[in-house]
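Please read them with the coordinates open.

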2 protein chains.
Amino acid sequence: MKIAMAQLNYHIGHFEHNMNKMLEALQTAKEQGADIVVFGELAVTGYPPRDFLEFNDFINQSEAAVVKLAEAAEGIAVVVGAPSRNPVVEGKDLFNTAFFLYEGKVLHKQHKALLPTYDVFDEYRYFEPATEFKVVEFKGRRIALSVCEDIWNVGNENPLYTICPLDEMQDQKPDFILNLSASPFNFEHADNRVNVLKANVARYHVPMFYVNHVGSQTELIFDGGSIVMSPNGNVFDEMPFFEECVRTYNLADVWQGKEHREQPSTKIALIHDALVMGIRDYFGKLGLKRAILGLSGGIDSAVVAVLAQRALGSANVRVLLMPSQFSSDHSINDARTLAQTINIQYDTIYIEDVFKSFEAALKTQFAGTKPEITEENIQARIRGMLLMAMSNKFGSILLNTSNKSEVAVGYGTLYGDMAGGLAVLGDVYKTEVYELARYINKDAEVIPNNSLVKPPSAELRPDQKDSDSLPPYDILDKVLYQYIEKRIGPKELIAMGFDEALVRRVLRLVNINEFKRAQMPPVLRVSSKSFGIGRRMPIVGRYLS
Amino acid sequence: MKIAMAQLNYHIGHFEHNMNKMLEALQTAKEQGADIVVFGELAVTGYPPRDFLEFNDFINQSEAAVVKLAEAAEGIAVVVGAPSRNPVVEGKDLFNTAFFLYEGKVLHKQHKALLPTYDVFDEYRYFEPATEFKVVEFKGRRIALSVCEDIWNVGNENPLYTICPLDEMQDQKPDFILNLSASPFNFEHADNRVNVLKANVARYHVPMFYVNHVGSQTELIFDGGSIVMSPNGNVFDEMPFFEECVRTYNLADVWQGKEHREQPSTKIALIHDALVMGIRDYFGKLGLKRAILGLSGGIDSAVVAVLAQRALGSANVRVLLMPSQFSSDHSINDARTLAQTINIQYDTIYIEDVFKSFEAALKTQFAGTKPEITEENIQARIRGMLLMAMSNKFGSILLNTSNKSEVAVGYGTLYGDMAGGLAVLGDVYKTEVYELARYINKDAEVIPNNSLVKPPSAELRPDQKDSDSLPPYDILDKVLYQYIEKRIGPKELIAMGFDEALVRRVLRLVNINEFKRAQMPPVLRVSSKSFGIGRRMPIVGRYLS
């Protein structure tokens, strides 16, 4: 028996696009001699469809697509994820289902039992968990179907769940396991995924075929890396990251487990490639091509400019240099050098005159006050406005360049440098931005070395340095990582050896700046805990603030 | 036996504040001769605590508060909601629990079974559902404790759930039922609540005491309206809306059911009072007093100014009039008249010079292009920047004045008129804004009548009217209501008699503007489906767009 896995880039709610992609992959699978072609979780709708699932019309369209796929399943079985209606009145209206389709018919439906409802996941908002677990028989083989999370509680070792779906099928003696996933990327996820599959085959002793999505959906990046796992624990094949892929495997070969093909997975390379795909898909799926951003001469905007140029091409990236009286010559030079190196269009607009016009407009109201952060914010907002004007005039998307460290502590201006359509580095700590810059420069000096070595500064007042307002980034990032990714509270942090005053100050800054983050653009997620939909904090709260 | 109900205004994560409030109410209850005092759901932490629940430190603080309350329960029992740890490894780490405390001890813990995970609710993200249901005995009575949603599946008639917690307790023959709630306001909710309690007493034939929160938590408004229900279906008492209240009831009187005291609940009056409290608490809980907003002479900003003045007092509300060359004289006059009527400080700042400075800055880049929406956005953003500058300089919060209709179809400028700390009217359709204005003017002309009768206009180009770009609001709002509140799709809308082209245009506008709403300030929720946390839509999606 031959099994084809189709790792595809879906578009949420774009039924026609998704259908055409699947029909094309089905054709490829047929040409490769496959008996079965397997797609990802909720492939018909794209993942995550979120509240579109609450529209009857949306489910109708999805059901029509499943019927069409069943009809296309001539001479080849199709295994595909889609929502299905719960016939029982009690409980949620839908299941998250793996359909087994063949020659116009639905041979089997296996619903998902473990519904992730944490971090970025809201599945219990929509779906009723499965209570029945049955293998499907096809061409003399018993096949266990499973959807994503259902293989993540091997031997009931995951404390989140009380049942283990594949255990429930063992008395039916499955010959192999198919898993339909939509498992979003973070830089540790590829390794976790391989380990979970190894644990599964160690328990069940049959081949596993794990099919993931690839492509980005607003903030969520799907890296692909679909896996064929032999019963001996060898990774028989791991599909490439960040690319579509359709490949057919001979079941007998997978049983033998002689091959071992894992993808390399080093943190910064993964983050780099994820962000490039994240930018490309955000633009592509919105039907737009051109990006604009402000280039300050600093490291953050330099990295975003390079990532954007790699995602969209030099012709589609344009930057503004917007010096004020506080900008240093080297900043302007560094920005210009970078723009020339990566061959993108740049314009220089001096903001001093606009700033003076604001001062004049507010002269009466501000009389007798001293310049402070208000005036710094005005400068940042003038730059945001100029960029948005370019974005509106020329139909481009403004890329936000804020990094995770400054977003965490609120070191940014709402509607100023926090503006944009997509926050490229919002899940990348400042220390990791430096690593990204060095990775970009590994073969040649793309980003001017000066941008890497000079002390970070917002340049909004004379001789300003980030270190005037913030702890050094190497310490700050460690505290933030523990508080944000690991949810470690103040007492435990102090017990770990962090300075008490520093801990209290940083945690307070994180908490009082929820209101700013609530108005941020979507953040491309590359860590296990990103700002946005996966981190839900009260804006008006008083814990640690 | 006497039962005190404490309808209090908690502050999320502010354990000390919440504790002091409860201790004070406990004292009042004692003075009123109560045997038991009942607080709301998760009263110890405030509701909703969201991801603070993932911090061990946060749960430790909550547990310490419960111990303190148990110690204070001398001569009076305390029934209070707080998270409790799940001792079983499998499943979620916490329960959402009603604690029965007396003389230093926890006499009983009843966990919540029905965990709302829809709309604004994410309870299954944090909590394991209860599987055990036991009454607690106190002074010879058997008391059924229940938490919020657990009374919302009377006789298993709610299709969302498969069990009915109070049914499970019936063989233990409870003498009365306590319900600890945190049930957010919408303008239909007060009536729904009374009906659900009636259905419960009709089934169980014992008195019910339903204790709700009051006060606002960012976007969620809790209206109070706690209810004592007699077994005969009479509302024995309904506590006031939008006020704290501690009252003690004699169980024997409630049994008799001779009293009937319901609060009036007319839609626009409720919305008015909810928004006033929403503004007041947002400021109060952030520790700020002063608001700023732009007054255009139109109806939306006029209504927000009045609500803000009622919430914060005239001395704390300041407005900017920011005319451009496209502003009509009557707009400026109407704005000035209103400011004078409600006695708030107003300043006039002409934006034309700032606009010219932007034109000059972008002269090279914009050469050869014609003025279009970009230039309109620049005007809106200059106003946003001036308001934010005032907000930053004087420590006030910018109130956003966008209404639900324009937010729905994206008729607003990101970082311009969509800016602010709180969107006061973001859940109020334009036609309802008019109703609010008429309600405000019911006794005297507070808002100039001219603002109510002139055709709505953004005044961003000569002779502009909203009706140039949008369908008439009375039709638009009907389509929006069906699509947003009722999740009715295009085919069904057309079948209902709406024009097909209109339906397609409106639904497309709603869907393609998710990116704008994703960066909006929090919206005070007054309907059953508000923009924000309760409505989760893909930004990059293609359904109906």
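**Notes on the predicted model**

1. A:Leu42 counts as buried because it has 29 C-beta neighbours inside 10 Å; the term means 20 or more other C-beta atoms within 10 Å of the residue's own, with exposed at 12 or fewer, partly exposed in between, and C-beta atoms placed from the backbone. A:Leu42 sits in the loop between S2 and H2 of chain A, and its phi is near 45°, a positive value in a residue other than glycine. Helices (H or I, at least four residues) and strands (E, at least two) are DSSP runs, numbered from the N terminus.

2. On conventions: this is a predicted model, where local features need pLDDT of at least 70, side-chain atom pairs count only at pLDDT 80 or more, and totals for chains, interfaces and linings use all residues. Residues are numbered from 1 along each chain as its sequence is written, while chains are lettered from A and ligands numbered from 1 in the order in which they are written.

3. The loop between strand S2 (36–38) and H2 of chain A also holds A:Pro48. The peptide bond from A:Tyr47 to A:Pro48 is cis, with omega near -5°. In chain B, a cis bond joins B:Tyr47 and B:Pro48, with omega about -5°, and B:Pro48 is in the loop between strand S2 (36–38) and helix H2 (56–72).

4. B:Arg50 lies in the loop between S2 and H2 of chain B. Its phi is near 50°, again a positive value in a residue other than glycine. With 23 C-beta neighbours inside 10 Å, B:Arg50 counts as buried.

5. How are the two chains related? A rotation of 180° with 0.0 Å of shift along its axis superposes chain A on chain B, RMSD 0.0 Å (least squares on the C-alpha atoms of residues with pLDDT of at least 70 in both). This is the relation of a two-fold axis. In chain A, the C-alpha nearest the axis belongs to A:Gln519, at 2.1 Å.

6. At the interface, 80 residues of chain A are in contact with 79 residues of chain B, contact meaning C-beta atoms, placed from the backbone, within 7 Å. H11(A) gives the largest share of chain A's side, 13 residues. By class, that side has 40 nonpolar, 21 polar and 19 charged residues; Ala, Val, Leu, Ile, Met, Phe, Trp, Tyr, Cys and Pro count as nonpolar, Asp, Glu, Lys and Arg as charged, and the others, Gly among them, as polar. Since 99% of the interface residues of chain A are also interface residues in chain B, the copies meet through the same surface.

7. Chain A is assigned domain 1 (2–259) and domain 2 (270–468), with bounds from an automatic or database domain assignment. Their centres, taken over C-alpha atoms, are 40 Å apart. The contact takes 11 residues from domain 1 of chain A and 9 residues from domain 2 of chain A. Strands S10 (214–217) and S11 (220–223) of chain A are the elements that give two or more residues to the domain 1 side.

8. In chain B, strand S9 (residues 208–211) is covered on both faces: B:Met208 and B:Tyr210 on one side and B:Phe209 and B:Val211 on the other are all buried. Strand S8 (residues 176–180) of chain B runs parallel to S9(B), joined by 4 bridges (strands pair if DSSP finds at least two bridges between them). S9(B) and strand S12 (residues 227–229) of chain B run antiparallel, with 3 bridges. The bridge partner of B:Tyr210 in S12(B) is B:Ile227.

Definitions and conventions. Contact = placed C-beta atoms within 7 Å.
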